[in-house]
Amino acid sequence: MINRKTIAINRVIRVLQGAARSGASIPALLETAGIPRRLLDDPDARIERDSFIRLMLAVMQQTQDEFLGFGQGRKSKPGTFSMMAHAVINCANLEKAIHRGIKFYELFDLQVQARLHREDGLAWLEVTASPRLDFREVIIESLMMLSLRFMSWLVGKAIEAQRVELDFSKGAEGEYRSTFTCPVVFDAGSNRVFFAAEFLDLPLVQNELSLSRFLKDSLAQLIDGNVHNVGLPAQIRAIISKEYGNNFPDFSEICEKLNMTPQTLRRRLKDGNTSYQEIKDAIRKDASVYYLSKPDLSIDEIALLMGFSEASSFHRAFKKWTGMTPSAYRREYFAD
């Protein structure tokens, strides 16, 4: 049985091949990732997932390319994915986010394109790539997998592929089964990954604050694919963050949007060991910490952004949330 926490050595070799085309130092990459050179000669070898992530990050740094050198001269500079994520994070639902993400990457001269289709209860992402790309199969497979996982993160629900079609022949045994658990058809006429269309109508549960946390280790999260269905607190946070800014709606408004009675919502939040007030405080705390990371904002300005008319009230609230004053927190965690 394949250990999903490990990565087949042939995938490591492909990443190194792409890096080598861009002039990266293979010995330096292996040393940074902690991968013994001898493993490259063992076709059955596997490495730890964390080592693979370190390797990919090292390749991105050496090649200055988020495509890991696979783009055959066409680079996606570090930070491109982050900018795309910021561009889609405020979309009303997943369908609009996907379309905006596709349009974002169309701004660049890449040899890979994607299109979203929807028909009845089925949706699919279709990927086209130039046949001249040396690592075409790797690019297509990776784009499909990472797209599904990023989409899952956006809506807080695991979007499982129902079927995958690839226009190239099957590779090594088990190569694609470790990525897709659904039926995979090779030598098809196109590259398409199918999933339930109902996911496209879901609102995004993420926001600017959760995105900033996600981007700190987004590669690890996307490779892991561990997306958990979000509960009521996350749904309430999404409603507040997207529709109300720094203001907070009445509890009755939240009940109406969730189609619950106040009694039911209070009971369900209590069952989850939380309350609406605790959720609001957590949002204020996270937003305050986010703004404290911005050195150009003063404490007084942050207090106003958080809806406090007096800085002293903000100081008391922040110390209650974190045990530290805003100034002390900034010195401790964000000082140069």
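User: Is Asp187 buried or exposed?
Analyst: Asp187 is exposed, with a relative accessible area of 54%. Exposed means over 50% relative accessible area, buried under 20%, and partly exposed in between, using a 1.4 Å probe and protein chains only. This is a predicted model, in which local features need pLDDT of at least 70, side-chain atom pairs count only at pLDDT 80 or more, and totals for chains, interfaces and linings use all residues. Residues are numbered from 1 along each chain as its sequence is written, and side-chain values use heavy atoms, with hydrogens and water left out.

User: Where is the place of Asp187?
Analyst: Asp187 sits in the loop between β6 and β7. Strands (E, at least two residues) and helices (H or I, at least four) are DSSP runs, numbered from the N terminus.

User: What is the phi of Asp187?
Analyst: It is near 55 degrees, a positive value in a residue other than glycine. Most residues other than glycine have a negative phi.

User: And what about the phi of Asn259?
Analyst: Asn259 also has a positive phi, near 60 degrees. Asn259 belongs to the loop between α10 (251–258) and α11 (262–271), and it is exposed, with a relative accessible area of 73%.

User: New topic. In what order do the strands of the open sheet come?
Analyst: The order of the five strands is β3-β4-β7-β5-β6, with mixed pairing. Two strands pair if DSSP finds at least two bridges between them. At the edges are β3 (112–119) and β6 (184–185), each pairing on one side only.

User: How many bridges join β3 to β4?
Analyst: There are eight, and β3 runs antiparallel to β4 (residues 122–129). Leu116 faces Leu125 of β4, and Ala114 has Val127 as its bridge partner there. The hairpin of β3 and β4 has two residues between the strands, and Asp120 takes a positive phi near 55 degrees in it.

User: Which helices pack on the sheet?
Analyst: Helix α5 (residues 94–105) does, touching β3 and β4, and its direction makes about 155 degrees with that of β3. Helix α6 (residues 136–155) does too, touching β3, β4, β5 (163–165) and β7 (191–196). The direction of α6 makes about 15 degrees with that of β7. Touching, or contact, means heavy atoms within 4.5 Å. Axes are lines fitted to C-alpha atoms, for helices over the stretch in contact, and angles run from 0 to 180 degrees between N-to-C directions.

User: How many residues of β7 are buried?
Analyst: Five of the six are buried, so β7 is largely enclosed by the rest of the structure.

User: How do β4 and β7 pair, parallel or antiparallel?
Analyst: They pair antiparallel, over six bridges. Leu122 is opposite Ala196 in β7, and Glu126 is opposite Arg192. On β5, three bridges connect to β7, again with an antiparallel run, and Val164 is opposite Val193.

User: What does Glu165 touch?
Analyst: Not counting residues up to four places away in sequence, Glu165 touches Met144, Val185, Ala188, Ser190, Asn191, Arg192 and Phe194. Glu165 lies in β5 and is buried, with a relative accessible area of 9%. Its side chain has a polar contact of 3.1 Å with the side chain of Arg163. A polar contact is a pair of N or O atoms within 3.5 Å; within protein, one must be able to donate a hydrogen and the other to accept it, and residues adjacent in sequence count only if both atoms are side-chain atoms.

User: Is Ser147 buried or exposed?
Analyst: Ser147 is buried, at 17% relative accessible area. Ser147 is in helix α6, and a polar atom of its side chain lies 2.6 Å from the backbone oxygen of Leu143.

User: Last one: at what angle do α12 and α14 cross?
Analyst: The axes of α12 (residues 276–292) and α14 (residues 311–322) cross at roughly 105 degrees and come within 10 Å. The two helices are therefore roughly perpendicular; that label covers 65 to 115 degrees, with under 35 roughly parallel, over 145 roughly antiparallel and the rest oblique. The contact involves Asp281, Arg284, Lys285, Ser288, Val289 and Leu292 of α12, and Phe314, Phe318, Trp321 and Thr322 of α14.
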